[in-house]
Amino acid sequence: PASPTPPAPPPRLATAIDINMASKDALDGLPGIGPELAESIIIWRETTPFLKIEDIMLVPGIKEKKYEQIKDRIFV
């Protein structure tokens, strides 16, 4: 018998960005992020790369509400 097909990953917008590689400008372009949070994301990932998109909520200033705004526009 054929093996079951693994579940498809959640849909991602064509404009989604890799939060471990994105430039400050790309991060700044996310809803509600801005230049200061973009810089905080970059500083955070230099020592602790994101393993899953939810990890972005570890960055001070990014809580669940902001995460909900950007989750479909980011990936790792």
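Which residues have the most contacts inside the largest nonpolar core? Keep that in mind as you move through this predicted model.

**Start with the whole chain.** Show it as a cartoon. Trace them from the N terminus: the order is β-α-α-α-β. Of the 76 residues, 32% are buried.

**Next, select the core.** Pick L27, L30, I33, I41, I56, I62 and I74. These have the most contacts inside the largest nonpolar core, which has 18 residues. Colour α2 (34–47) and α3 (64–70), the elements that give two or more residues to this core. The largest share, 4 residues, comes from α2. As a general pattern, nonpolar side chains in soluble globular proteins tend to be buried together.

**Now go to F50.** Look in the loop between α2 and α3. Is F50 buried or exposed? F50 counts as buried because its relative accessibility is 3%, under the 20% cut-off.

Show what surrounds F50. Leaving out residues up to four places away in sequence, F50 touches I19, N20, I41, W44, R45, D55, I56, V59 and V76.

**Finish with a distance.** Draw a line from F50 to I19, C-alpha to C-alpha. It spans 7.4 Å, while the two residues are 31 apart in sequence. Then zoom out to the protein chain. Among its contacts between residues at least 6 apart in sequence, 50% join residues at least 24 apart.

How values were computed
Residues numbered from 1 in each chain as written. Predicted model: local features only at pLDDT ≥ 70, side-chain atom pairs only at ≥ 80, totals over all residues. Heavy atoms only, no water. Core = buried A, V, L, I, M, F, W, Y, C linked by side-chain atoms within 4.5 Å. Buried < 20%, exposed > 50% of the residue type's maximum accessible area, 1.4 Å probe, protein only. Contact = heavy atoms within 4.5 Å.
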